[in-house]
Amino acid sequence: MKTKQTSLVALVAAVVLILGGCSSPFTPPPGEVEATEYQGVTLTPIGNQRNNALSGTQRLDKETYSLSVDGLVTQTLSLSYKDLQNLPQVTKLVTLNCVEGWSFVVKMTGPALSSIFDEAGIQAGAVNVIFYTSDVPDGYTSLELSYIQSQDVIIALSINDVTLPQDRGFPFQVIAEGKYGYKWAKWVTRIELSSDHNFRGYWETRGYNNNADINGPRFE
């Protein structure tokens, strides 16, 4: 059974690679210049970065976008794109490692999830953070709250100093350092703080390891 499951997972990954795991030409928005180096490290150009999408690029409107933060919080939040921009911004040099075997190095900038959680207030019992996306509205993936806090996980509004492109998850992408790319959620519309240790998202219910550590097993 385990062999059949692993084979199926590999087949799904191959299909995703064929449909979405490719690079594409990129032109920065007017007035923006893409960074080529950060902290002495050469950055992977956006046009050379491979990228996956389950249902094609989701297109969220900056003017009407709203991020819901709820669950085990003392105050439910509804944050606009401007609200996210107005939070303290953190810049990180990170490497995205895809479970399919490719990777790239980028400069990511955006607010820390901790600053959002501080505003919402975390209730006792919250151990998991579930990310709901426009293409997987019933919950795309999750990350342990302790991991988010220890790694100071950010949600990136920009990549290599330019506004995060639509196909990269605009308005932001979750930067799950040390985790495979399927944990780097895109097109997020809702974040829930939960007591559910056992939540499994889209890829995790299809055999991928829920921890997603890049040095750990790929499949469960």
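Reader: How many helices and strands does the chain have?
Author: The secondary structure comes to 4 helices and 13 strands. Keep in mind that this is a predicted model.

Reader: And what share of the residues counts as buried?
Author: Of the 220 residues in the chain, 49% are buried.

Reader: What about the accessible surface of the chain?
Author: The total is about 10300 Å². Carbon and sulfur atoms account for 49% of that surface.

Reader: For contacts between residues at least 6 apart in sequence, what share joins residues at least 24 apart?
Author: That share is 68%.

Reader: Let's go inside. Which residues touch the most other members of the largest nonpolar core?
Author: Leu84, Ile116 and Phe131 do, in a core of 57 residues. Helix α3, residues 113–120, gives this core its largest share, 4 residues.

Reader: Which residues of α3 are buried?
Author: Leu113, Ser115, Ile116, Phe117 and Ala120 are buried there.

Reader: Stay with Ile116. What does Ile116 touch, not counting residues up to four places away in sequence?
Author: Its partners are Val69, Leu77, Leu79, Leu84, Leu87 and Ile155. Leu84 is also one of the residues that touch the most other core members.

Reader: What follows α3?
Author: Gly121 comes after the helix, and its phi is positive, near 80°.

Reader: Positive phi, then. Where does Gln39 sit?
Author: Gln39 is in the loop between β1 (37–38) and β2 (41–42). Its phi is near 55°, a positive value in a residue that is not glycine. Most residues other than glycine have a negative phi.

Reader: Is Gln39 buried or exposed?
Author: Gln39 is exposed, because its relative accessible area is 59% and the cut-off for exposed is over 50%.

Reader: What is phi at Asp161?
Author: Phi of Asp161 is near 75°, again positive in a residue other than glycine. Asp161 lies in the loop between β10 (158–159) and β11.

Reader: Buried, exposed or partly exposed for Asp161?
Author: Partly exposed, at 38% relative accessibility.

Reader: Which residues does Asp161 contact, leaving aside neighbours within four places in sequence?
Author: Asp161 is in contact with Glu32, Val33, Ala35 and Lys107. Ala35 is 126 residues away along the chain, yet the two C-alpha atoms are separated by 5.8 Å.

Reader: Where is Asn160?
Author: Asn160 is in the loop between β10 and β11.

Reader: Buried or exposed?
Author: Asn160 is buried, because its relative accessible area is 0% and buried means under 20%. Leaving aside neighbours within four places in sequence, its contacts include Val33, Glu34, Ala35, Leu43, Thr44 and Pro45. Ile46, Gln49, Val106 and Lys107 are among its contacts too.

Reader: New topic. Which peptide bond is cis?
Author: The bond from Phe170 to Pro171 is cis, with omega near 15°. Most peptide bonds are trans. Pro171 is in the loop between β11 (162–163) and β12 (173–175).

Reader: Now cavities. How many of 30 Å³ or more turn up in the whole structure?
Author: The search finds 1. The largest cavity holds about 340 Å³ of space.

Reader: Which residues lie nearest its centre?
Author: Asn52, Tyr140, Gly181, Tyr182 and Lys186 do, out of 26 lining residues. The lining divides into 16 nonpolar, 5 polar and 5 charged residues.

Reader: And the volume of the second largest pocket?
Author: About 230 Å³. Strand β8, residues 141–144, supplies the largest share of its lining, 3 residues.

Reader: Which residues line that second largest pocket?
Author: Among them are Val127, Asn128, Ser142, Leu143, Glu144 and Tyr147. Lys179, Lys183, His197, Arg200, Asn210 and Asn211 also line the pocket. By type, the lining has 3 nonpolar, 5 polar and 4 charged residues.

Reader: Last one. Where does Asp196 lie?
Author: Asp196 is in the segment after β13 (188–194). Asp196 is partly exposed, with a relative accessible area of 31%.

Reader: How far is Asp196 from Gly125?
Author: They are 71 residues apart in sequence and 9.2 Å apart in space, C-alpha to C-alpha.

Key. Residues are numbered from 1 along each chain as its sequence is written. This is a predicted model: local features need pLDDT of at least 70, side-chain atom pairs count only at pLDDT 80 or more; totals for chains, interfaces and linings use all residues. Side-chain values use heavy atoms; hydrogens and water are left out. Helices (H or I, at least four residues) and strands (E, at least two) are DSSP runs, numbered from the N terminus. Buried means under 20% relative accessible area, exposed over 50%, partly exposed in between (1.4 Å probe, protein chains only). Contact means heavy atoms within 4.5 Å. Accessible areas come from the Shrake-Rupley method with a 1.4 Å probe; for residues, only the protein chains shown count as cover. On a 1 Å grid over the protein atoms alone, a cavity is a set of points where a 1.4 Å probe fits but cannot get out, and a pocket is an open set with protein on both sides within 12 Å along at least five of seven lines; lining residues have an atom within 4 Å of a point. Grid points are joined across faces, edges and corners, and a volume is the space filled by probe spheres set on the points. Ala, Val, Leu, Ile, Met, Phe, Trp, Tyr, Cys and Pro count as nonpolar, Asp, Glu, Lys and Arg as charged, and the others, Gly among them, as polar. A nonpolar core is a set of buried Ala, Val, Leu, Ile, Met, Phe, Trp, Tyr and Cys residues joined through side-chain atoms within 4.5 Å.
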